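Here are my notes for your first look at this model. Keep the structure open as you read, and find each residue as it comes up.

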Amino acid sequence: MKRTKLYMDTAVSIQIVTGKSTSEEAVTQKMNQAFEAFQKVEQACSRFSPDSELMSVCQQVGVPVSVSPFLFEPLKFALEIAKWTDGIFDPTVGKIMEYHGFNRHYLTGQSIESPSAATVTYRDIILNEQDRTLCLQKPLVIDLGAVAKGFAIDLAAHELKEFEGFVVNAGGDLFAGGVNDGGEAWEIGIQHPERKEEMVSTVLLSNEAICTSGGYERKSAAEADVHHLIDPKTKRSPKEWVSSSVIAPFAMMADAFSTASFLLGAAEGQRLMEQAGLQGILITSDLQLVRVGGL
């Protein structure tokens, strides 16, 4: 059974390998629960909706605010990666994203302009895990685009874990559980950065995630040579890679590390993946493939 819905500006498809003893009703119920995970994460983490939990929190500076796990968990992971990369990966990049034109809701077309201090970093966000609160030290805009989709994929995969096999695919970022209809690992293609109908490589996955960050995916309408992957220190888009695909045990990790390795550039990006024990395929600006982790 396979169905597709739209969430997070992305077509989300879920495919399930159903056993003969599983009723269609039971499969449909689980599939709906998996889709609901995307809805909950989008309502919590959207930077483009003024009424999202994230944007509500960003209006409150200097006071601890209790937040849901749908916002707390991806933000916590984003801050961990920010520390690991010394701020090259930084969820406070939201205002810079707005400046470059990434400020329009994909459904309503409504644009958003948010207040922010002139200089902010991830260190201006204080999390209290015991109370599950968040406190902003300065006015700033949090962007969770590099972790929220992966987090939603992981929640959806959790709903489907009882099935023999399944794939949760959110625009090419996916988790492949179990095995396919033939009882084998899922064969996943990695898209060519310039010719969308072509694959540059394939990988076999079972109970693993793969996420890709590509400079070709979302271009700035405001400035040439700027895409949605922006170094918060230079406020520009790196050009060493055109694509970074990372395989990890869960999708939020693959999502964050694909973005971080893209932002870090050639040597540091590979080193980050190797330090984390991850596999991946990076594509240089002249379309050369660099395989990491024994792929």
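Predicted model: local features only at pLDDT ≥ 70, side-chain atom pairs only at ≥ 80, totals over all residues.

1. Now turn to the largest nonpolar core. It has 74 residues. Which of them touch the most other members? They are F38, I142 and L144.

2. Another core lies apart from the largest one. This other core has 12 residues, including V167, A176, V203 and L205.

3. Next, find strand β11, residues 241-248. Why is β11 described as largely enclosed by the rest of the structure? Because seven of its eight residues are buried. Buried here means under 20% relative accessible area.

4. Check the partners of β11. Strand β10, residues 208-214, pairs with β11 in the antiparallel sense, over six bridges. There, A209 has A248 of β11 as its bridge partner. Strand β12, residues 279-284, also pairs with β11 in the antiparallel sense, over six bridges. There, S244 has L282 of β12 as its bridge partner.

5. One general point to keep in mind while you view the strands. Side chains in a regular strand alternate between the two faces of the sheet.

Technical notes:
Residues numbered from 1 in each chain as written. Heavy atoms only, no water. Core = buried A, V, L, I, M, F, W, Y, C linked by side-chain atoms within 4.5 Å. Buried < 20%, exposed > 50% of the residue type's maximum accessible area, 1.4 Å probe, protein only. Helix = DSSP H or I, 4+ residues; strand = E, 2+ residues; numbered from the N terminus. Pairing = 2+ DSSP bridges.
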